[in-house]
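Biologist: Before we discuss backbone geometry and the ligand surroundings, could you put the model up, so that we can go through it point by point?

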Amino acid sequence: MGACAAACPFCYTDWIRRDPPFETPQLLRIIDRIVSDFPTVGRVVLSGGEVTEFVDIVGVARYARSAGLRVAIQTNGIQMHSRSFTHALGQSGGVDAFLVSLHSIQPEIHDSILGIPAAFEKTTLGIANALAEGAAVSTNTVICRSTISGLVDLVEYCVDRFSPLETMRFSNIIVEGAAFRNANGLLVSLDNVAHVAIRLRGVGEKLGVHIELANVPLCIDPQGSLNSSYHVDLQRALIDFSPFYQQNRPRGEKYVKPARCSECTLLRQCPGIQSAYLSWAKSVPESIIPVPGASDCG
Ligand code: SF4
């Protein structure tokens, strides 16, 4: 569902805005296929673009729910500032989990990233509305130059205002689409990401909120407690449904593993590092450190 009123500079799916929009029957057929061909799948995540701008989102969610799937939505939360809309998603649509993008607790930073006035106010209202529905709510924050210095404060703010959050995810940029075009103004070094990850783990443990890192090599957190998402196994599992693959458009980010990875026990499970980061950094980050250990979890 490709439409989106925001213009985030790190959007990696902005090309789907130019594609013909999905029609409801197409989406229902995909849901039917998931149910018939993959009976072990228990949950769908509806995303875009901005999925809440899809005119029949409540109907599509309700269809998936009535087919026996649990339904989550990945969103910028703007439309959810409307209490009645969020209520319809939760009660009529059966959506029981939301992943809401919140990039900064400084309204001017969040607003300027999305390019939408008062976006911070609307997004945070949306989070509160989803919690009021009894849904599981997680936040997603993209790590970039304008957000990295405020991440610890963001955790403290969210725990104070939104408890209980399911997870706070911090996503390294996927260097594709707009993110590829804007990379020079966005990317921070992997070593800085590793540094802030340690601080995030500390504040998460102290405040009792689960912190997750996405799109990073596994050695960023050799202890494994940050549970980096999109391990190799999960990436493979998603391929069959991904519109990137369905439309014969492999995602642009290419992962590579530096030579030193050959000594790492996580070699098979780790996606590695996006090649765009290596090109940009011009050398292998110091934080890429082969993980010693007795077993390969892959
Ligand atoms: S050393 Fe290489 S294979 Fe091991 S976790 Fe780091 S990037 Fe992944």
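This is a predicted model: local features need pLDDT of at least 70, side-chain atom pairs count only at pLDDT 80 or more; totals for chains, interfaces and linings use all residues.

Biologist: In which loop does Gly-49 have its place?

Modeller: The peptide bond running from Gly-48 to Gly-49 is cis, with omega near 20 degrees. As for its position, Gly-49 belongs to the loop between strand S1 (43-46) and helix H2 (57-66).

Biologist: Is Asn-215 buried or exposed?

Modeller: Asn-215, although not a glycine, has a positive phi of about 65 degrees, and it is found in the loop between strand S6 (211-214) and helix H10 (232-238). A residue counts as buried when 20 or more other C-beta atoms lie within 10 Å of its own. Because 24 other C-beta atoms lie within 10 Å of Asn-215, this residue is buried.

Biologist: How many residues in the shell around the ligand are nonpolar?

Modeller: The ligand is surrounded by 14 residues, and the closest are Pro-217, Cys-219, Cys-261, Cys-264 and Cys-270. By class, the shell has 1 polar and 1 charged residue, while the number of nonpolar residues is 12.

Note on methods: Residues are numbered from 1 along each chain as its sequence is written. A residue is near a molecule or strand if its C-beta atom, placed from the backbone, lies within 6 Å of it. Ala, Val, Leu, Ile, Met, Phe, Trp, Tyr, Cys and Pro count as nonpolar, Asp, Glu, Lys and Arg as charged, and the others, Gly among them, as polar. Helices (H or I, at least four residues) and strands (E, at least two) are DSSP runs, numbered from the N terminus. A residue is buried if 20 or more other C-beta atoms lie within 10 Å of its own, exposed if 12 or fewer, and partly exposed in between; C-beta atoms are placed from the backbone.
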